[in-house]
Amino acid sequence: MNDQAFGVLEYGGLRELVRRGAQTPMGRARADELAPISDLDVVRRALQAITECVEMRRRGAAWSFSELADPSDALARLRIEGAMLEPSALLEVARLCQQSVGARDAIHAEREAATILWEVVANLPRTLTAAVSRITSKILPSGELDDRASPELARIRAEIVRLRSSITRSLENLMRRSEEAIQDQLVTVRHDRFVIPVRNDHRGRVHGVAHGFSSSGATVFVEPLETIESNNELQALRETEEREVARILATLTEELRRELPAVAHAAEVVTELDFIGAKAALSVAFRCVAPEVDEGGTLELVEARHPLLEENLRATNGAVVPVSFTLDAERAVMIISGANAGGKTVVLKTAGLLSLMAVSGLHVPAQSARFPLYKSVLADIGDRQSLAANLSTFTAHIANIRSMIELCDQPALVLLDEAGTGTDPEEGSALGVAVVDHFRRQCGAHVIATTHYSGLKMYAANDEGVLNASVEFDEKTLQPTYRLLVGVAGASSGLEIARRFRIPEEIIRAATERVGESALAAADYLKRIKRESEAAENLRRALEEERTAVAEKYSSLDVQAARREREREQQFDRELRAAITDFERRSQEMVAQIEDRAVRARVEREAERRAAELRREAQQRAAQVKAASATSRAEPRGGGVRVIHHGERAEARPSTDQAATAPTREIRAGDRVHLRSLGSTGIVERLNNGEAEVMVGSLRFREKIANLELLERAPEKQDNSRGAKLQRMANQRGTEVRLRQSSEEPQAELKVIGQTTDEAADAVDKFLDEAYLQGVTHIRIIHGHGTGALRRVIAELLRHHPHVARFDPAPQDQGGAGATVVELKQ
């Protein structure tokens, strides 16, 4: 894309806003190079990367860079074989690699949600961590080599410290012996050699080499003869230290040179991430959104704001008036008219700069936005007259428009400020219409033009492919509101603005008399259209508010219905809990009346199991009712029955709105039937006036005979077995005891090897109950030898069990001490 419009649309100011968010010199350099992108996929990836970065920052998971220098020089030296990096340069490279790895780790944790960012850092080698560790372990943050960088360096520096101390002590002793000849009791250094300050008039008192005088000449700095050898030795150690430091730096540089591709990639990663971070900072600062950029022909802005104007107004606590409009293939031109200083040019610059932002891969300050992938954004805005170039206002505009025609490449956005201005109004109006229509038809461009000419306004009014728009002007305050009104042309209101700027009233009256009647009529017509448009807009808003109120009312009704449904569910839960509690209480009372301990224990377990089944069935039923009420939001239909507790004579009737379709069957007491309303099965206990009392588990229900389905008729003969007698006895007391019927022979052996003592005791107790009820007289319990714990627990249980007549260890051929044989009571 050419940069014809970059200047007038202030693209450089946009780059500066992006640059402000960069944290590194490389990121700022990338911001300075910001430019439109011609590849749609690249644009979309850039926009997605910003979105991912913004989301990471909102979650507090984003990266950050600090104290990074431009690594270009260091990388250039690494590419030169044998070149050595200074400690500060090594530290800068290490810091760069370290922070790039840190950014990779941050993105790795969010890689599923930040796919584009992960692609940026995914190939960063992990070997950089080792290289960074070697550098930071040998070079201090100040840039000096650590004494522990090598054993030799540690030895040399220790020797230097020792020798410096020795020289200092010698010189201090010498100064004390020659105190009258010493200027100050201070050991100093001249030319990297230790010296003492001697008075010039006592120079002969201290024999040695002079290394200079003070500025006044009163003091001479002397290196005594007795320390010359020590100073020479110190100098030699320093030279050795320098050679060792150089060797260490060369080694570190070579190690880094072997990682040169990884280091260069780390620099690219940091640059790219910092550039993305700078664009994300701009998005957050100006409440931007990711625009939709595609190959379609639609330009749509909703509540769009000019970022540079918003930045300027923030200093004065002002606010930008947003603009909204849509241009597409059918209506590709918008003519904006209205008062001077009303914001027409701001609309042009907002559309132009936001279009450049979108195709540059930036978020835009708007509520929502859609742009074509423009190849050309062209603008003729402002006065380009130039005395040096011999251009008047009109000729400057014409020259610029000619250049725009030559540069126009579809898809394009063309912005024309005051099209045709600077010449005769009639000719300028005709020229403006022709230029706009050329860009529209020949170039296939989106065109936004501002004007005061009636010819362009009529062109927009008469052509269905052209939109009329205006900037609003408050006639009461004679102030512009800067609102863009799409669909209606605006009057220039030049006389009103002149009056606002305090032009003498006699001039205003004279000008009004000179305005033609047709022009006045046209202005009045435009004002009337504006008022009617405002009235229609007010009506639309009122209808929208009414629609919102109605929607809120219906929403409140839904909330009330949901609240009532919750209250019904809570009431149902309370009644259910009360019924189960009452059932358990009555069951316990009935169980307490059973004298036989074995039967009582058996019935207690059966009652607990039945209570659990009742809870489970009630919960399933409640879930079904809740699901049905959630889908229908209506009162639940009948068909259910009320629980009748033992001993209760309730007169409740099943609901009649669920008609039974099954034919009446001949059902008698004792028959096994299916209750359609509950989906459960039970035993009919008695019949009365077309209704039946049915025992389902431990509960009795009253239901119409028509709603029962016969499953199994009652047996003709009464079962006089011990289990059946117990069953009938329990039923007479109001509690059902259901025994497991088995076609197999009663089991006379139980194996509890491997179980815990509690598990074994429970299993033996249940086994004894079953064996007793089935008439078994002898059983064998296999518990194994082990530690004897199972044998002792089982013996203790058998010793006090009511069904056990006697028990002994099993014979050797039946398990010996590893089993126990039991004889049950008859």
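A: A strand here is a DSSP run of E with at least two residues, and strands are numbered from the N terminus. The model is a predicted one. Strand S6 covers residues 299-304, and Glu303 lies in it. Glu303 is not a glycine, yet its phi is positive, at about 55°. In general, most residues other than glycine have a negative phi, and most peptide bonds are trans. Glu303 has a relative accessible area of 34%, so it counts as partly exposed.

A positive phi of about 55° is also found at His191, again not a glycine. His191 sits in a loop, with strand S1 (188-190) on one side and strand S2 (193-199) on the other. Its relative accessible area is 60%, and His191 is therefore exposed, since exposed means over 50%.

The next point concerns a peptide bond. Gln410 and Pro411 are joined by a cis peptide bond, with omega at about -5°. Pro411 belongs to the loop that runs between helix H13 (393-407) and strand S11 (412-416).

Helix H15 spans residues 454-462, and its residues Leu456, Lys457, Tyr459 and Ala460 are buried. Viewed down the axis of H15, the buried residues fall within an arc of 155°, so they line one face of the helix. Ala461 and Asn462 are exposed, on the other side of H15.

Technical notes. Residues numbered from 1 in each chain as written. Predicted model: local features only at pLDDT ≥ 70, side-chain atom pairs only at ≥ 80, totals over all residues. Heavy atoms only, no water. Buried < 20%, exposed > 50% of the residue type's maximum accessible area, 1.4 Å probe, protein only. Helix = DSSP H or I, 4+ residues; strand = E, 2+ residues; numbered from the N terminus. Arc of directions from axis to C-beta.
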